[in-house]
Amino acid sequence: MFKKSSYSSLPLLVAAGWLVAGTVTAQTAAPSSAAPATPAAKPAELFPDTVVAKGKGFEIKRSQLDDEVIRIKSQFLARGTPLPADRAAMLERQVLDQLIQLQIVKTKATVEDRAAAQKQADKLLEEAKGQLGEQGFDMRLKAMGLTKDQLMDKWLDGEIAKIVLTRELKINITDDDIKKFYNDNPSQFEDPEMVRASHILLSTRDQATNTELSDAQKAAKHKLAEDLLKRARAGEDFAKLASQYSEDPGSKDKGGEYKFPRGQMVKEFEDAAFALKPGQVSDIVTTQFGYHIIKLSEKIPAKKHDLAESSSKIRDYLVQTALQKQGPPYLEQLRKQADVQILDEKLKAAEETAAADSLQPAAGAANGHSTAKP
């Protein structure tokens with residue numbers, strides 16, 4: 001199926017809309033006189049939530065900016081890839097600019113725009129849960145560092161921005177545009193043959209240090225794998241065995257299950273999975289990750305999606321492409337009209353540095369806007 005994300009092209013980073021709250025305990029010395037003690041300062045007084053930027057009809061507070069920056073950094077850390085230093089240095093300023101864009105666009109939204117956006121956000125939630133399942137959806141939220149309400153707020157903001165910009169920029173995608181894209185990109189609408197399989201992994205590497213286990217340790221793991229294979233073939237609940245014994249953090253909480261086409265897994269694992277029949281349990285499969293026991297649940301044949309079922313996703317993609325192309329100059333115009341003011345001195349200095357850099361000759365072709373997913 002057409003795999004472009006509805007949000008991967010939108011040149012706006014939506015606000016997280018939540019607070020990373022800390023606890024501050026104020027300690028005061030005993031009074032040295034009979035005068036009443038001065039009440040301890042409240043956290044909000046010690047650390048006021050200052051406005052870092054404002055414009056006509058909106059303001060952005062320090063908490064909004066901090067929350068989104070923390071969330072982005074946390075996502076990089078969760079993937080084991082800390083944010084590169086060159087990006088981290090300008091991250092706060094880039095996030096602020098995108099929050100400003102979002103707020104400016106939202107000031108132009110009507111009641112009807114917001115109602116339509118809410119319907120679309122609700123639809124996205126249903127689709128996500130349908131594709132991932134309740135447990136998979138909750139795991140994805142956890143990985144993103146969001147609650148369901150926070151994600152819905154982000155989706156709602158994104159849909160409001162898309163609706164407003166599509167109208168203001170007079171973007172009109174016709175049926176002929178959709179048909180042409182469908183005919184010009186046939187591979188985008190083909191799902192390859194896939195399998196739905198579960199596995200139990202007993203790792204041959206130390207989970208803490210990622211070093212290879214000793215031969216004796218590997219032998220013990222293989223013996224456990226042999227025992228688990230007997231239990232699986234004897235009819236024990238495979239998902240429960242995976243949840244209890246598997247050392248694959250990406251799948252054990254969902255019973256060891258994956259759905260994948262060829263070319264996505266390591267060769268030994270893939271070959272074994274595709275060779276099984278539904279309901280069959282493999283022998284012990286050895287890969288660079290360790291010892292696997294695989295159970296095939298379903299073989300899913302290749303499928304070609306027709307124009308009718310693909311048209312809405314094509315329309316979304318073409319709208320996003322048009323927004324990416326036409327949006328930046330329009331957003332810059334709106335920013336000037338909104339009389340945007342950066343009130344934080346550090347962020348203001350970053351703006352001045354960026355402006356100075358923009359006056360230097362370009363080293364190469366400019367890259368388009370790029371927005372990470374929530």
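Which residues form one aromatic cluster? They are Phe181, Tyr182, Phe189 and Tyr317.

## About the model

This is a predicted model, with local features needing pLDDT of at least 70, side-chain atom pairs counted only at pLDDT 80 or more, and totals for chains, interfaces and linings using all residues. Numbering runs from 1 along each chain as its sequence is written, and side-chain values use heavy atoms, leaving out hydrogens and water.

## Aromatic pairs

Rings of Phe, Tyr and Trp (its six-membered ring) pair if their centres lie within 6.5 Å; planes under 30 degrees apart are stacked, over 60 edge-to-face, and the rest tilted. That rule gives 5 aromatic pairs. One of them is Phe181 with Tyr317, tilted at 5.4 Å centre to centre and 50 degrees between the planes. Phe181 sits in helix α6 (residues 175-184) and Tyr317 in helix α10 (residues 307-337), so the pair ties together parts 136 residues apart in sequence. Helices here are DSSP runs (H or I, at least four residues) and strands likewise (E, at least two), numbered from the N terminus.

Phe181 is buried, at 14% relative accessible area; buried means under 20%, exposed over 50%, and partly exposed in between (1.4 Å probe, protein chains only). Phe260 and Phe269 are both buried too.

## Nonpolar cores

A nonpolar core is a set of buried Ala, Val, Leu, Ile, Met, Phe, Trp, Tyr and Cys residues joined through side-chain atoms within 4.5 Å. The largest has 43 residues, and Leu65, Leu96 and Ile100 have the most contacts inside it. Elements giving it two or more residues include β1 (51-55), α3 (85-106), α6 and α10. A second, separate core of 12 residues includes Leu228 and Phe238.
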